[in-house]
Amino acid sequence: MNHQEAIDAKFGAESAMPTEFRDNKRLTVPLEKIYGVLAFLQVQRGFDMLCDLAGIDYLGYADATDRYGIVYSLTNTNSGERLFVKTFANDPDPEVPSVVDLWEAANWMERELYDLFGVKFAGHPDLRRILLPDEFTSHPLRKDYPMRGYGERHNFPTVTRAES
Amino acid sequence: MPLEAVASQYETGTDQEFLYTLNFGPQHPATHTTLRLVLTLDGETIVKAVPDIGYLHSGFEKLGEDLDFNQYVTIVDRMNYVSPVANEIAWHHTIEKLMGLEITPRCKYIRTILAELARISDHLLCVGAVALDLGGLTAFLYAFNEREKVYDIIENASGQRFHPSYTRVGGLINDVNDDFVTQVRAFVKSFPKAHSDVCRLLNKNKIFIDRTQGVGVLTREEAINRSCTGPVGRASGIARDLRKDEPYLAYPELQGAFKIVCSNGGDCLARYLVRMGEMVESVNIIAAAIENLPSGPVNIGTDSNVVIPDKSATYRSIEGLIQHFELFMWNRRFETPVNEVYGANETANGELGFYVVSDGSAKAWRARTRPPSFIHFATFPHLVEGHQISDVAAILGSLNIIAAELDR
């Protein structure tokens, strides 16, 4: 039984939609089942490493129906097999369940994704900005954020030696 | 990050007045690059470490959506600037995977040689810097002597020492000359001596071993759970190397030339020893590759409509001029499949991957980097807890954090 059939058997039909490109095998999973599917893949199917967590903003992308794509790149360190699990979140309040309790590595990856895309991770222990300063108000990797920014950098408060 | 935010987060309600906070960085000699640690200390013992990063964040991934696949190579250069060629090779490996291009055998071998030179250069810096932070200046000087030779080779190949921007979609900016082969052969010959010099200085050095053995131990389960790859993962016993597991470039043909170096120690000493071992394997790969360097073109044919024609073709033939025009006009450029792909290479620091989403144009819709430094640095608070302040330098050095890649 391959991964897609195993997931469908456990979570109901059409829980995982398989696609393939080059050597990348992808499963698209609906948002409400994503945590269960990832936990299942980790415990039952041997994907013990969360290799990467990628966020994509599909605003204006051809034929896109959802806005934020989140791609979990899973690796089985014993067999070397890779699997890409993809889910989607949408405005106005994009929120995805956190997988920090499954993979500790997700901690910073989710913080980075939150920082740059504004996708929240429910259940994350410490969801703060990581790359940008706390005073920053926007999420720059969103497609509606201009390349030149909104002038945040010029408006930062200047800390003088006397105040610090 | 205001200091109060850090302190309040870990207050347990008990009387912890004896704890005090130390700011480590952002400008500190032992961080090597710009990052900050807020350490909560009980005497000299670290109770809690909270990293504060982002000082070098310059929006590389946003730039990746604005520059085309050939232009962005100058930006990936600046991620892990200790081994920039390896980043370029990983980037164009992913783009070629997206476009389904098969590069020429000569290009594969040249890229393999450069990737291994970059690995040696990176490991030498890491090993030398760890030794330097722990008080051994001589090993650092030996290491940097050899790095200079690597830079000379890269300069000869590309014309640039530090940020070569050498690869292009479908090949390289130019072929290497005969001096390159001579230089690489000389390097293969001279490197083992420098390597053994460093080994003799450090491997049985009591001070060095006392400072690294049992410090910053990462078990295999933790390393897997925290996504450690490369030397950090292998020092914890994960026998995984993309050069063996998912061979790319010329590695399928060079499988006999190298082994995976692993250790069960998981501490700073194991990471040091794995890096030293990997350098020997890298030299073996280079020695095998340079003697089997195929002849023939370095770029795929111009009929593929993706490679930049060389200058003489641009100036002297109408086909070359047309292709140059097609590639450099904003409204032309090459076409890519509307899809997304993840491609990864084994670079010196670990698995450097790119998740590229393409909308059919010559620019990436999204160019996500899987930065090994970022993922390894996330383990740092875990590794450093319970150790002394002086161990921060050893652990930080053994993870080989490059802040430009950390923050991008």
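This is a predicted model: local features need pLDDT of at least 70, side-chain atom pairs count only at pLDDT 80 or more; totals for chains, interfaces and linings use all residues.
I will start with the domains.

How do they meet? On the domain 1 side of chain B, 15 residues are in contact with 19 residues of domain 2 of chain B. Contact here is a C-beta criterion, within 7 Å. Which element gives the most to the domain 1 side? That is strand β3 of chain B, residues 45-52, with six residues. By residue type, the side of domain 1 of chain B that touches domain 2 of chain B has eight nonpolar, five polar and two charged residues.

Now the sheet that holds β3 of chain B. It is an open sheet of three strands in chain B, ordered β1-β2-β3, and the pairing is antiparallel. Strands β1 (20-24) and β3 of chain B are at the edges with a single partner strand each, so each has one side without a neighbour in the sheet. From one strand to the next, the twist averages 25°.

Last, the pairing of β2 with β3. Strand β2 of chain B, residues 36-42, runs antiparallel to β3(B), and seven bridges join them. If you want one pair to look up, take B:Leu37: its bridge partner in β3(B) is B:Pro51.

Terms used. Residues are numbered from 1 along each chain as its sequence is written. Chains are lettered from A and ligands numbered from 1 in the order in which they are written. Two residues are in contact if their C-beta atoms, placed from the backbone, lie within 7 Å. Helices (H or I, at least four residues) and strands (E, at least two) are DSSP runs, numbered from the N terminus. Ala, Val, Leu, Ile, Met, Phe, Trp, Tyr, Cys and Pro count as nonpolar, Asp, Glu, Lys and Arg as charged, and the others, Gly among them, as polar. Two strands pair if DSSP finds at least two bridges between them. Axes are lines fitted to C-alpha atoms, for helices over the stretch in contact, and angles run from 0 to 180 degrees between N-to-C directions.
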